[in-house]
Amino acid sequence: MNPRLYPLAATIAIFLLAWVICVMQFPYMLSTRVVGNLLTDNAYLGIVAVGMTVVILSGGIDLSVGSVIAFSGVFIAVMLRDSGLHPLVVFALLLVVTSAFGAAMGWLIHALAMPPFIVTLAGMFLARGAAYMLTIDSVPIDHAFYDLLDDAYYLMPGKGRLTLIGVVMLLTVLVGMIVAHRTRFGASVFALGGGEATARLMGVKVGRTTVAIYAFSGLMAGLSGIVFSIYTSSGYPLATVGTELTAIAAVVIGGTLLTGGAGFVFGTLIGVLTMGLIQTYIVFDGTLSSWWTKIIIGLLLLAFILLQKGLLRVTTARAGA
Amino acid sequence: MLLTIRSLTKTFPGTKALDRVDFDLAAGEVHALLGENGAGKSTLIKCLTGAYERDEGVIALDGATVSPRSTSEAQELGIGTVYQEVNLLPNLTVAQNLTFGQEPTRFGMVDRRAQRRQAEAMLEGYGLDIDVGRDLSAYSVAIRQIIAIARAVALSGKVLILDEPTASLDAREVETLFDVVRGLRDRGLGIVFVSHFLDQVFELTDRVTVLRNGQKVTTERTADLDRVQLIEHMLGRALENEVVGHAKTHVAQDRPELLAFENFGRRGHVEPFDLTVGEGEVLGLAGLLGSGRTESAELMFGLAAAHSGGARDQSGALDLSSPRAAIAAGFGFAPEERKEDGIVADLSVRENIALALQARRGWARPVPRAEQLRLADEYIEKLDIRTSGPEQPIGDLSGGNQQKVVLARWLAMNPRFLILDEPTRGIDVGAHAEILRLIQQVTAQGMSILVISSELDELIAVADRVIVVRDRRHVAELTGSEITTDTIVRAIAAPGRDQAEASV
Ligand SMILES: Nc1ncnc2c1ncn2[C@@H]1O[C@H](COP(=O)(O)OP(=O)(O)OP(=O)(O)O)[C@@H](O)[C@H]1O
Ligand SMILES: [Mg+2]
């Protein structure tokens with residue numbers, strides 16, 4: 001097997017193992033209901049993590065996404081309350097805004113040669129601030145179209161609900177896989193992650209690609225915001241604090257190298273589902289504090305970072321031989 | 001003219017890298033671009049391909065003025081380039097590297113199967129038998145170099161630029177490359193060839209342009225020049241007593257023994273060997289690429305742990321289980337891949353030189369700054385390192401000058417046993433002689449040196465004893481008057497008696 005596949009294989013193995021353990025204790029967890037909920041509850045995280053994967057593959061990071069999701073929810077709620085526009089129009093507007101926001105961050109990173117960490121940290125405060133400017137309260141969304149979206153689901157055998165937002169998440173992962181692994185843009189992303197100077201000499205249009213990467217992440221954050229607003233039927237400026245870190249964790253657990261240049265979008269989906277599974281287990285158990293989720297995720301992260309370090313050493317040792 | 005450059009000027013902070021340089025490239029010629037380390041060759045190339053922004057100058061391709069602002073634009077114009085630093089990505093597959101930017105697509109998606117086929121077609125004629133679906137990092141530097149060349153050749157509709165392409169290739173691979181280049185020349189391409197191997201320049205090229213300190217010195221037909229004239233153009237002076245070509249007066253001396261390796265080996269790396277090292281002795285290690293030369297050195301320096309045997313000096317057994325232990329035992333090792341393993345690009349020349357000495361002393365006892373400066377100044381002068389000063393980041397130095405800094409680092413540490421893997425790769429003729437002289441100087445003061453080199457002239461010039469490696473075994477040891485090109489070549493190539501025995 002190609003050593004590049006080891007982290008992905010490890011991710012999938014851990015996920016399956018975790019599931020087997022869960023099912024052995026609570027056979028009900030094999031049901032389509034649990035599966036449906038797993039997808040629905042983690043839809044917004046899965047979508048934003050796809051954008052994050054692309055950013056991390058390029059050797060960057062995007063800390064703004066949690067705030068952008070919150071901004072999106074507030075933006076939608078306020079627009080629907082005050083403007084009377086159709087939700088689809090509002091969605092389109094929002095996606096343009098968040099993509100442009102991401103593109104602007106990408107441009108700053110490239111043009112000023114600033115670390116993505118700093119630029120997107122500023123973006124994080126900016127987006128959160130913008131959300132507060134729109135409102136400081138939780139704004140409920142009350143619109144017939146939203147009720148429609150909420151009720152859109154496919155009843156799987158066993159009474160599990162495959163909801164619209166769950167499907168949107170799966171489709172996003174599919175699109176992300178194609179973008180990252182099957183397009184020239186994706187190849188440029190991997191090239192940047194492998195080394196910017198080399199990528200430049202190979203003919204990567206570094207500026208354009210950087211802008212596109214962060215615009216893509218902004219787009220995903222906006223889409224995630226839409227899904228989150230459907231999930232919660234409200235917009236709240238204090239929502240999804242720290243989601244960017246959860247997304248980064250999902251990406252790393254999914255086997256993507258934090259330093260960029262290697263990884264799989266599909267792994268990110270498994271990373272998200274693994275984290276969701278741990279949470280579900282804790283809910284089923286009932287006696288465990290929800291902090292166990294964080295602790296287990298922390299341990300998993302540590303294990304993956306060690307695995308990656310080990311692999312890096314193995315491959316460099318082999319190349320040197 | 002296919003390509004004309006007029007009055008090209010490029011200034012870096014503190015250096016005028018190019019000063020109103022003119023350059024002409026005709027269709028159907030191989031044009032050598034020569035000059036000392038830091039003369040401006042790579043800068044000229046990078047300005048031409050848009051990797052650097054030029055200050056001034058006009059570039060015309062096929063009579064039309066062009067001004068590529070990025071390397072991808074240059075590629076679209078039909079200029080393919082192999083840069084001096086290997087410009088491929090180890091985290092992509094060979095096929096992805098080869099087709100990068102030109103991937104065959106279907107419905108906007110990369111067609112993997114067509115990509116594979118395209119990559120395999122690009123590698124045809126280079127005699128490589130590799131799986132293009134594997135990561136580039138799985139292959140050796142020589143193979144990567146050939147892949148980079150294949151990629152540039154495929155991109156070069158009109159112009160092919162090769163910046164020191166042969167630095168890590170063996171003789172057979174160089175021949176293959178030359179055949180490819182001649183084929184392209186006959187098809188009417190213009191080829192720019194940069195190299196410090198003057199023999200290759202005479203063998204391959206039609207014309208020569210020499211740069212010195214960022215200025216063009218001359219352009220002439222290669223056939224009208226001889227080696228001495230060419231060197232004079234490059235250095236601006238005659239090279240006094242070129243060390244290469246003058247064999248060392250080989251007298252077998254009895255030296256006090258410094259080290260002894262006994263039955264030292266590692267499975268899959270190199271078979272167990274015995275080796276003694278005398279005080280102040282220069283040992284040469286000869287053999288083809290991949291024959292086990294570098295592996296032997298890595299074993300001695302603890303980069304790979306030995307499976308059998310051990311090493312000892314006068315006072316007893318030595319611990320060589322890791323590079324750290326080897327350094328503590330007074331060993332030093334300047335690796336072949338200095339670009340990748342050797343330099344810390346953001347640190348200054350001074351810091352890079354002080355690095356090994358610091359490691360030896362331990363981090364608790366910093367080398368005083370004044371001492372670092374003294375060392376830096378000493379080696380900048382001794383090795384003629386072209387830099388704007390000891391505080392310049394090493395990443396801004398020319399390729400050859402970076403190599404010199406890494407050599408300086410290990411010499412400054414003053415180990416008792418120093419291993420030099422291809423110490424003169426990518427280094428110009430002037431500095432080449434300087435380095436060989438320096439080797440003689442430090443060994444006269446008692447340091448022992450093991451030199452690994454593909455250039456037999458070089459080994460003959462400095463080595464007291466030559467070990468020949470073949471198929472991961474030490475097969476012969478030559479001393480005194482036995483050290484001649486002829487005997488070494490025969491030991492490397494001909495299956496000697498030991499092999500005949502083995503096949504019985
Ligand atoms: N990025 C940079 N920043 C500052 N100075 C630079 C930079 N790149 C090159 N230089 C300087 O420009 C000069 C020319 O360097 P260049 O790399 O063109 O030399 P070269 O002829 O290719 O030498 P070599 O044979 O060693 O490769 C050197 O003095 C070098 O220090
Ligand atoms: Mg150069």
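Predicted model: local features only at pLDDT ≥ 70, side-chain atom pairs only at ≥ 80, totals over all residues.

Trainee: How many residues of chain A are in contact with chain B?
Mentor: On chain A there are 25, and they touch 31 residues of chain B.

Trainee: And what area do chain A and chain B bury between them?
Mentor: About 2,300 Å², with 54% of it on carbon and sulfur atoms. On the chain A side, R182(A), L201(A) and M202(A) supply 34% of the area buried against chain B, more than any other three residues.

Trainee: How many salt bridges are there between chain A and chain B?
Mentor: Two. In a salt bridge between side chains, K205(A) meets E76(B) at 4.0 Å, N to O.

Trainee: Which element gives the largest share of chain A's side?
Mentor: That's α9(A), with seven residues. The side of chain A that touches chain B divides into nine nonpolar, eleven polar and five charged residues.

Trainee: Switching topic: at what angle do α12 and α14 of chain B pack?
Mentor: About 35°, with the axes 8 Å apart. The crossing of α12(B) past α14(B) is right-handed.

Trainee: Which residues make that contact?
Mentor: From α12(B), they include I353(B), L357(B) and R360(B), and from α14(B), V405(B), W410(B) and M413(B) are among them. The residues of this contact divide into ten nonpolar, one polar and two charged.

Definitions and conventions:
Residues numbered from 1 in each chain as written. Chains lettered and ligands numbered in written order. Heavy atoms only, no water. Axes fitted to C-alpha atoms, helices over the stretch in contact; angles between N-to-C directions. Helix = DSSP H or I, 4+ residues; strand = E, 2+ residues; numbered from the N terminus. Left-handed = near helix turned anticlockwise from the far one by under 90°. Contact = heavy atoms within 4.5 Å. Nonpolar A, V, L, I, M, F, W, Y, C, P; charged D, E, K, R; others polar. Buried area = accessible area lost by both parts, 1.4 Å probe.
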